[in-house]
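Me: I am new to this structure. Please take me through one part of it closely, the salt bridges, and then the residues around them.

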Amino acid sequence: LTYKLYSRVSLRNIQMTKQPKYNNFLQKDIELGDDAKQQKIEVYNGKEFRTQTFNKVALFPTQAGKIEVPPIAFDAEILYRSQDPFFRSSFFTRTRAIPYSFKSNPIIIDVKSLPNSKPKGYIGGVGKFEYEVHYDKNETAANDPITLSIRISGQGNINLVNMEKPDFPSSFDVFDPKVKENVSTRANKVNGSKTYEYLIIPRGGGDFKMPDLVFSHFDPETGAYVSKNFEGPYISVSGETFDGEASPGVLG
């Protein structure tokens, strides 16, 4: 959503008086570069206008249906130049500042529902995403931790992506993941990555099959779900067999 002012008069002291509330949307401000903030001359309907971009926002709808984006409102002063009545020469003019209020048009967004047949491993993503799964070792000793890193990257609602904890073997202690988010809002796009790091501690020896993982998201360009499967590796743990129950850990 781009807010751009078109003007054929001189304006000063432009102040935003009403910031829209984006109900039923997740909002992410888009960074404006120096060039985007500069005034430009553009032709619209055969007439020249001064234009200036004030704001850009990425909106991610959180529900289906027709949702209204309300107007944004401004106050400003129009600089009006007229001939000074006390002087007949056109060189003598005076400038008046005329208060002026204006606002943008409201917009109705028609949000479609996602298909009901959500596949296994759907994590809430809408856009284009890639997935990476990495264990830092395939051989270890009892009580020696293993790190599992799951990285989701791409363009779309990366902030709303949320994966469930994999189902690890019962003799492993698994701490809550450290979640690292790196999101960029440049170049009119919202893209970035989200990484989940699990600390896994085997409490006894043996050969263990790590869980198979499935990740799915919806691609709005193709109108279909995209899934990717990762087969869990076997991890060999040296040491005595653990007879007790592993207690789930919590990272503080």
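Reply: Searching the whole structure turns up eleven salt bridges. A salt bridge here is a side-chain nitrogen of Lys or Arg within 4 Å of a carboxyl oxygen of Asp or Glu. This is a predicted model, where local features need pLDDT of at least 70, side-chain atom pairs count only at pLDDT 80 or more, and totals for chains, interfaces and linings use all residues. Residues are numbered from 1 along each chain as its sequence is written, and side-chain values use heavy atoms, with hydrogens and water left out.

Start with Glu 42 and Lys 4. Their closest N and O atoms are 3.1 Å apart. This pair links distant parts of the chain: Glu 42 sits in strand S4 (residues 40-44) and Lys 4 in strand S1 (residues 2-7), 38 residues apart. Strands are DSSP runs of E, at least two residues long, numbered from the N terminus. Glu 42 is partly exposed at 24% relative accessibility. Lys 4 is partly exposed too, at 35%. The cut-offs are these: buried means under 20% relative accessible area, exposed over 50%, and partly exposed in between (1.4 Å probe, protein chains only).

Next come Lys 137 and Asp 144. Their side chains form a salt bridge of 3.3 Å, N to O. Lys 137 is partly exposed, with a relative accessible area of 23%. Asp 144 is partly exposed at 30%.

Now Glu 181 and Lys 194. The closest N and O atoms of this salt bridge are 3.6 Å apart. Glu 181 lies in strand S14 (residues 178-184) and Lys 194 in strand S15 (residues 191-202), so the bridge ties together parts 13 residues apart in sequence. Glu 181 is partly exposed at 43%, whereas Lys 194 is buried at 8%. Elsewhere, salt bridges with shared partners join Lys 128, Asp 219 and Glu 221 into one network.

Leaving out residues up to four places away in sequence, Arg 151 touches Glu 130, Tyr 131, Glu 132, Ser 193, Lys 194 and Thr 195. Contact means heavy atoms within 4.5 Å. Arg 151 belongs to strand S12 (residues 146-156). It is partly exposed, at 32% relative accessibility. A polar contact of 3.5 Å joins its side chain to that of Ser 153. Such a contact is a pair of N or O atoms within 3.5 Å; within protein, one must be able to donate a hydrogen and the other to accept it, and residues adjacent in sequence count only if both atoms are side-chain atoms.

Conventions
Helices (H or I, at least four residues) and strands (E, at least two) are DSSP runs, numbered from the N terminus.
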